[in-house]
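Let's read a structure together, one feature at a time. Ask whatever you like as we go.

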Number of protein chains: 2
Amino acid sequence: MNELELIARLTRSLPANESVIVGAGDDCAVLDFGLPDRWLLFKTDAVVEGVHFDQKAAPEQIGHKALARCLSDVAAMAGTPSCALVTLGLPRRFDPGFVEAIYDGMKKLAVRHGVAMVGGETVANPDRVLISVSLLGLVPKQKCIRRSGALAGDAIFVTGQLGGSLAGKHLEFEPRLAEARWLAEHFPIHSMIDLSDGLASDLRQILQSSQVGAELLSEAVPISRAARWLARAAAPAKTPLQAALTDGEDFELLFTLAGKKAVPLLDAWKKAFPDLQLSCIGKITQKPGLKIQGKKGLHPLTVHGYVHFQES
Amino acid sequence: MNELELIARLTRSLPANESVIVGAGDDCAVLDFGLPDRWLLFKTDAVVEGVHFDQKAAPEQIGHKALARCLSDVAAMAGTPSCALVTLGLPRRFDPGFVEAIYDGMKKLAVRHGVAMVGGETVANPDRVLISVSLLGLVPKQKCIRRSGALAGDAIFVTGQLGGSLAGKHLEFEPRLAEARWLAEHFPIHSMIDLSDGLASDLRQILQSSQVGAELLSEAVPISRAARWLARAAAPAKTPLQAALTDGEDFELLFTLAGKKAVPLLDAWKKAFPDLQLSCIGKITQKPGLKIQGKKGLHPLTVHGYVHFQES
């Protein structure tokens, strides 16, 4: 049983109440607490030593990553992050300077995005450092973008370049908050997700939630320089395209909107964000399944992204 | 450096924004998101295998405890819990039935208190199970009770009986949500906290936040039966009173209100909660410090509660 299967099993019959607009299964939970025009976004995400970072990572980078992952989920729903709580699991013997530097990394990012850090707790996790961040955000009800809204005929877009994040980006990425809000403000985006487990996996989340399929254009997938050289070093070696499709932790935005809006979007994007690539990488289809158009024609895409753990 | 010192250092200069009413340093963060009459309560709390539970605990009990601890913090501010997210750190090989039973324990408690479980995540924590729960609640602005409102002349009250929670109560306690809301509704409570680290430690939190002192009456401290027999088994043995003062995880309510309201409260409480003991255990003093009145007179209370970890 992998992570996705386990989560499906655990979330089958969760208790709900009248405040729940979206429960488990999207980038954030969406809650109606009685504000006239806005919903709350509620998210938690954890990073673990030896899993999401290793001893080569600077503590400031670890803190940055822990908060940035949550911010990226709020971005995926076109929201604005507001308040964070931090749970710090620490071995019984720890270096206070190391822990303070983790906090420094979080604080810098929080200040940049107007996020208040409102407390949390420290807890003994004897074998390794674990940081879990809980985040509250807000989103205008009319602008909240879910995974489940993709329609046949939509064009599929992705920001940035994909793959090879382990070479460094995963510790330093800036969550695409401004870009996501700009998208929601200016275009009728049908569905959105942030790329955490790899394009192939995360696009499948949109397809499953929206009950549609997709065709990707292999030539259109933006491949990062890091993906090109990490792919060769992988064992077994991957092609750079495979790396771009399956490497985790890109933290770019993947979204869809009606095909006829594709060209106006690309034009407007170039003016708004001249330094960030935006690529149209395929289209949403009525027929379920994920296919890719390569030099040898259209064939099913069988690769998957990062799978967090396997059951015994 | 112990947990309290570390937290003091980490929370010295946290980023804030206009939504923050109470940040780090109370049972929950208190946030103003623009609701006319209510504030949001925001809390996170984690339990770790080998620290907060061992392999003798049933998985349903582990799940119950993980959520109940957070609910107890919302109770301590007289709030109503609303939505929870669950972060589950799991070894790479795990028994899905065990994990489902943890969820079952949480679900039962959530349903009983009207709490929606709105998602969360699973993450690899290779060496042990860790469960972090994030909770959102609501509290009427006029009824929110903080740690910092204790005044000289207040009577100090505690619900239930203290000590010996490790004998079983820590896995099965019911958070005092109804009792706390009743208190806030019917009496002008000045300060409140839930007992997690032991009476001596948690009362010091109120004293420090409120910049006051306290005198306890040793004979008035309600000692549980479990404290009486666990105290003898402790190495080095404690007196039952020491156990009641220092054992962690009672999850009872500790609160203060003006001394002249003490008798009316005790009368009303007996009618409202005939099955739950309420004890007046001392008074708040202008002079800082925590003292205890025993058979040999008034002397400083030097014992402390549970300290989570020590720095190298």
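**Loops, domains and helices**

Q: Where does B:Gln211 lie?

A: B:Gln211 sits in the loop between α6 (199-210) and β9 (213-217) of chain B. Helices (H or I, at least four residues) and strands (E, at least two) are DSSP runs, numbered from the N terminus. Before we go on: this is a predicted model, where local features need pLDDT of at least 70 and side-chain atom pairs count only at pLDDT 80 or more, while totals for chains, interfaces and linings use all residues. Residues are numbered from 1 along each chain as its sequence is written, and chains are lettered from A and ligands numbered from 1 in the order in which they are written.

Q: What is the phi of B:Gln211?

A: Most residues other than glycine have a negative phi. B:Gln211 has a positive phi of about 55°, though it isn't a glycine.

Q: Is B:Gln211 buried or exposed?

A: We count other C-beta atoms, placed from the backbone, within 10 Å of a residue's own: 20 or more is buried, 12 or fewer exposed, and in between partly exposed. B:Gln211 counts as exposed because it has 10 C-beta neighbours inside 10 Å.

Q: And what about A:Phe251?

A: A:Phe251 has 25 C-beta neighbours inside 10 Å, so it counts as buried. Its phi is near 55°, a positive value in a residue other than glycine. You'll find A:Phe251 in the loop between α8 (240-246) and β10 (253-258) of chain A.

Q: Which domains does chain A have?

A: Domain bounds come from an automatic or database domain assignment. For chain A, that gives domain 1 (3-143) and domain 2 (147-300). Taken over C-alpha atoms, the centres of these two domains of chain A are 23 Å apart.

Q: How many residues of domain 1 of chain A are in contact with domain 2 of chain A?

A: Two residues are in contact if their C-beta atoms, placed from the backbone, lie within 7 Å. Here 19 residues of domain 1 of chain A are in contact with 18 residues of domain 2 of chain A. Helix α2 (residues 59-76) of chain A gives the most to the domain 1 side, with 10 residues.

Q: How do α2(A) and helix α3 (residues 96-112) of chain A cross?

A: Two packed helices are described by the angle between their axes and the distance between the axes. Axes are lines fitted to C-alpha atoms, for helices over the stretch in contact, with angles from 0 to 180 degrees between N-to-C directions. The axes of α2(A) and α3(A) come within 7 Å and cross at roughly 45°. That makes α2(A) oblique to α3(A) (under 35 degrees is roughly parallel, over 145 roughly antiparallel, 65 to 115 roughly perpendicular, and the rest oblique).
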